[in-house]
Amino acid sequence: MDERAARTAAAEYRIEDLAHHSGATVRTIRAYQDRGLLPKPERRGRANVYGETHLARLRRIADLLDRGYTLASIKELLEAWDSGRGLGGVLGLVAEVHGPWTDEEADRITRADLDAAFGGTPDEEAVEEALELGVLERIPGRDDEFLVPSPQELAVAVELYAAGVPLPAIAGHLRELRAQVEHMAHRFLEFTTEHVFARYLDHRPPTDADATEAASLVRRLRPLAQQTVDAELARAMRTLAARHLQQHLSPNGPPLPDPEHQTVALPASTIRAVSRLVGERNTSAFIAAAAEREVQARALDALASNSPDRKGFGQSD
């Protein structure tokens with residue numbers, strides 16, 4: 001074992017070999033060197049020699065990139081590691097955040113079974129929309145089978161379709177729901193960061209001990225977001241479903257929708273941008289005021305364009 005470890009530690013690579021073993025390109029390796037992400041190789045005469053430390057560093061960079069980190073933030077983490085502050089806790093925190101947030105496991109479905117679940121008639125447009133939404137994912141080399149990241153989500157779509165909801169309506173509902181859920185997730189993260197994680201992440205990069213403790217807290221708090229949403233959704237459905245049924249069972253039937261108050265789904269990114277601009281408490285008022293101003297501007301333009309006298313200001317006969 002010791003002899004094999006010694007041989008591994010003494011492994012040497014030319015840049016082409018390092019690229020082959022790491023999966024990076026020669027150009028990428030050189031770019032990492034220029035940016036200080038990768039140590040310079042050892043010079044042997046006219047050749048550059050790389051070792052296992054370079055290979056390990058490249059694999060770590062690739063892993064962090066896959067997790068969504070930028071090269072600038074990766075450089076900060078690696079510099080902390082190189083200065084002896086440790087990276088184990090930080091990597092543990094990264095792994096914890098990127099771990100599964102549900103016990104649900106992905107599944108697969110054949111194209112034949114998919115078609116059968118939705119009426120038996122192939123619908124290419126619906127499949128493409130499901131792929132765009134991430135309800136289905138392609139499997140390389142398999143045109144007759146899909147990966148299903150959330151079997152529960154697909155099962156809901158199947159039941160809604162069986163109940164008579166058209167596929168375009170199901171997709172539209174999912175888009176609207178997703179925007180609202182992303183907003184809730186964003187608010188939960190802001191809330192927990194402000195009151196829980198700020199003390200661990202107020203210096204960049206965090207110390208190894210702080211990162212380790214933060215990872216432990218993520219593990220403890222992970223189920224709270226879903227539990228809170230589940231409880232509040234159950235409460236809202238119990239209240240609103242009873243009220244909705246009562247309205248439909250009344251002699252006069254359900255009231256007509258109030259044209260003065262309608263719910264409009266906005267992208268989560270738009271809501272976040274407005275919230276950062278005017279604050280969370282003023283977001284709804286700002287969006288309503290902006291929409292009203294746009295409506296008024298267009299009304300004025302329409303009036304001006306329909307005027308009997310369309311001569312420009314300052315013009316005379």
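Reader: What makes β1 and β3 a pair of strands here?
Author: This is a predicted model, and in it β1 and strand β3 (residues 47-51) are joined over two bridges, in the antiparallel sense. The cut-off for pairing is at least two bridges, so two bridges are enough to call them paired. Within that stretch, Y13 stands opposite Y50 in β3.

Reader: How do you know that the sheet is open, and which strands stand at its edges?
Author: Look at the order: three strands run β1-β3-β2, with antiparallel pairing. β1 and β2 are the edge strands, because each has a single partner strand, and one side of each is left without a neighbour in the sheet.

Reader: What holds E12 and R44 together, and why is that contact called a salt bridge?
Author: Their side chains meet with N to O at 2.6 Å. The limit is 4 Å between a side-chain nitrogen of Lys or Arg and a carboxyl oxygen of Asp or Glu, so 2.6 Å qualifies E12 and R44 as a salt bridge. This pair links distant parts of the chain, with E12 in strand β1 (residues 12-13) and R44 in strand β2 (residues 42-44), 32 residues apart.

Reader: Why is E12 called partly exposed?
Author: Its relative accessibility is 46%. Buried means under 20% and exposed means over 50%, so E12 falls in between and counts as partly exposed.

Reader: What makes R138 and E128 a salt bridge?
Author: Their closest N and O atoms are 2.8 Å apart, and the limit is 4 Å, so the pair passes. R138 sits in strand β5 (residues 137-139) and E128 in helix α8, ten residues apart, so to speak a link between distant parts of the chain. R138 is exposed at 53%, while E128 is partly exposed at 41%. Elsewhere, salt bridges that share partners join R108, R142, D144 and E145 into one network. The structure holds 13 salt bridges.

Reader: Why is the aromatic pair called edge-to-face?
Author: A search of the whole structure finds one aromatic pair. The rings belong to F118 and Y161, with centres 5.5 Å apart and planes at 65°. Centres must lie within 6.5 Å, and planes over 60 degrees apart count as edge-to-face, so this pair meets both conditions. F118 lies in the loop between α7 (111-117) and α8 (124-133), and Y161 in helix α9 (residues 151-162), so the pair ties together parts that are 43 residues apart in sequence.

Reader: Are F118 and Y161 buried or partly exposed?
Author: F118 has 13% relative accessibility, which is under 20%, so F118 counts as buried. Y161 has 29%, so Y161 counts as partly exposed.

Reader: Which residues make the nonpolar surface patch, and which helices supply them?
Author: L177, V181, M184, V229, L233 and M237 make a patch of about 510 Å². α10 (167-201) and α11 (208-249) each supply at least two of its residues. M237, for one, lies in helix α11.

Technical notes
Residues are numbered from 1 along each chain as its sequence is written. This is a predicted model: local features need pLDDT of at least 70, side-chain atom pairs count only at pLDDT 80 or more; totals for chains, interfaces and linings use all residues. Side-chain values use heavy atoms; hydrogens and water are left out. Patches are made of residues with over 30% relative accessible area and no salt bridge: like charges are joined within 9 Å, nonpolar side chains (Val, Leu, Ile, Met, Phe, Trp, Tyr) within 5 Å. Accessible areas come from the Shrake-Rupley method with a 1.4 Å probe; for residues, only the protein chains shown count as cover. Helices (H or I, at least four residues) and strands (E, at least two) are DSSP runs, numbered from the N terminus. Rings of Phe, Tyr and Trp (its six-membered ring) pair if their centres lie within 6.5 Å; planes under 30 degrees apart count as stacked, over 60 as edge-to-face and the rest as tilted. Buried means under 20% relative accessible area, exposed over 50%, partly exposed in between (1.4 Å probe, protein chains only).
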